[in-house]
Amino acid sequence: MDFDLSVWMTRGPYILRGLYETLVLLAGVLVISAPLAVLTGLALEARSRWLRLPALGLSWLIRGVPPLIILFIAYYVLPVVLDIRMDSLTAAVAGFVLYNTFIMGEVVAAGLRSVPKGQHEAIAAAGLPWFRSLRRIILPQAMPTIIPPYVSYSMDMVKGTALAGAIGVTEMVTRANQAIVATNRPFEILIGVAIIYGIIDAFLIALQMWSERRWDHKGHLSA
Amino acid sequence: MTHFRKTASAIAMTLALVAPMAQAQDFSTSDLEVSLDFPQPWPLENLIEDGKLIIATTGKTAGETFIGENGELQGARIDLWTKMAEDLGLEPEFVRVDWAGVMPGLAANRFDLGCEGASWNNDRLTSNDFFLTRPVKVAIHVAVVKKDSDYDSLDDLAGVKIGGVKGEMELKHLVEATGHAEEDALGLPGVTESRLALMNGQIDAYGTGLHAATALLESEGGDQFKILSTPTSVGVGGFCVNAREPDLLTAVNFLLAKYRTDGTIRELNDKWGLPDTSDMLSVVGY
């Protein structure tokens, strides 16, 4: 079979519009779930059992459900059960944010656990305000532990966005499939899409390396 | 005298009745034009959104509903649904979802209309989640194999690897026609994946509809495939209407009858290179 890349001349713009939807979805999920993940991580590590136990239960539940099922629930079940009607993209963002918040929440919790106990005790002894000490002392020390798995899960998220096609988001893979139907050129299109995903992931890896350089292993912010 | 009057009246009444009958014998019904007038706009009270007809489509069936070079949905079904929406005085809105999402979406009140030509079966006919419309086509299911293979009949497929779209009737019928166990067939997410699996040798044949198979053969690179001449099943296929919208079902059924009668369906099938089964529908009373 001949390999004809000219299919990207005719179908490329259509597929790349799907890349835009993929990036919007990804950015929405990562931006919204990041602060929620920090709150979830704090709740998972909270001393109060009223905070910790519900957070643990929800985390166990949400992480155990496949993301595709969460998307189906957001798009198909919520309108019937709770009369909540979201368009495809909003439902996808909401579903992925829910899933990602608890996945990343566990990463944040692991990072918080990595900070030596003595630091927490010193903060308590010095009577420093909670939020300030969290921002200035605890989180910076937890960052070197948090960043690698956080980026790794974000890369999974990049690939996971393809699931949103099942609820009508015309992201890149959905559009690639539609282009394959119209052109009968699966290999050229799929390899091209794989390269684009590789580029996005390479960008995230570069971001991870840059972040790791900024926070050294002692949690100091480099200049 | 009274008796005479009664007799005369009786004769007059009989003549009055018989005269039109005699005229009726001159009627030729073949020359009559049947009126298929309908209200425009059609009053529909249960639409999800006023003024809009929200239609779910996969956009993945060449010839019927697919993405053209301009990036827009096109095909025989897209044209038909657009005309249908216009005739009902509505604006069509197409939502692209996977086949697995069409029926759940109708049940969840996401779409007014869906299915490009869902085969009638007992589950679908009795479903509480959606209504099946009158047939839009005779659904002929076939097996597609590689042209250079030795498979020429369904009997040749006994014991070979088969596949098709997971949950679709086309795969079920291929399984039944070739005597396979259901768990031995490879269930794939879509027609695209089925075609790829066939090209890569993961399967030796896949089950699909005649429309999709014909479109495949006519597409670029389609000359490496062939359709086995014996169908795996022949039934009928219609659209699916949201179960909350019986008034829309009436309207769609009416318009399908009209479009079949006035040749719209045939014209669109010809335009998009699809096999037309309009005449066959008459055989089954539609």
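Predicted model: local features only at pLDDT ≥ 70, side-chain atom pairs only at ≥ 80, totals over all residues.

## Exercise 1: the contact between the chains

Solution. Next, turn to polar contacts, for which seven residue pairs are found between chain A and chain B, with both residues at pLDDT 80 or more.

Then consider extent: the contact takes 29 residues from chain A and 37 residues from chain B, and the area buried between the two chains is about 2500 Å², of which carbon and sulfur atoms give 52%. In chain A, the residues that lose the most area to chain B are Tyr76(A), Val181(A) and Asn184(A), which together account for 26% of what that side buries.

## Exercise 2: backbone angles and a cis bond

Task: Locate Asp83(A) and Asn109(B), give the phi of Asp83(A) and of Asn109(B), and decide whether Asp83(A) is buried or exposed.

Solution. Start with Asp83(A), which lies in the loop between helix H3 (67-81) and helix H4 (88-114) of chain A and has a positive phi of about 55 degrees although it is not a glycine. Its relative accessibility is 63%, and because the cut-off for exposed is over 50%, Asp83(A) counts as exposed.

In chain B, Asn109(B) sits in the loop between helix H3 (99-107) and strand S6 (113-119), and this residue, also not a glycine, has a positive phi of about 60 degrees.

Finally, inspect the peptide bond from Gln40(B) to Pro41(B), which is cis, with omega near -5 degrees; Pro41(B) belongs to the loop between helix H1 (2-24) and strand S1 (52-57) of chain B.

## Exercise 3: a sheet in chain B

Task: State in what order S2, S3 and S4 of chain B are arranged, and find which strands are at the edges.

Solution. The three strands form an open sheet in the order S2-S3-S4 (chain B), with antiparallel pairing. The edge strands are strand S2 (60-61) and strand S4 (73-74) of chain B, each of which pairs on one side only. Taking one pairing in detail, S2(B) and strand S3 (residues 65-67) of chain B pair in the antiparallel sense over two bridges, and Thr61(B) stands opposite Thr65(B) in S3(B).

How values were computed: Residues numbered from 1 in each chain as written. Chains lettered and ligands numbered in written order. Heavy atoms only, no water. Helix = DSSP H or I, 4+ residues; strand = E, 2+ residues; numbered from the N terminus. Buried < 20%, exposed > 50% of the residue type's maximum accessible area, 1.4 Å probe, protein only. Contact = heavy atoms within 4.5 Å. Buried area = accessible area lost by both parts, 1.4 Å probe. Polar contact = N/O pair within 3.5 Å; in protein donor to acceptor, adjacent residues only side chain to side chain. Pairing = 2+ DSSP bridges.
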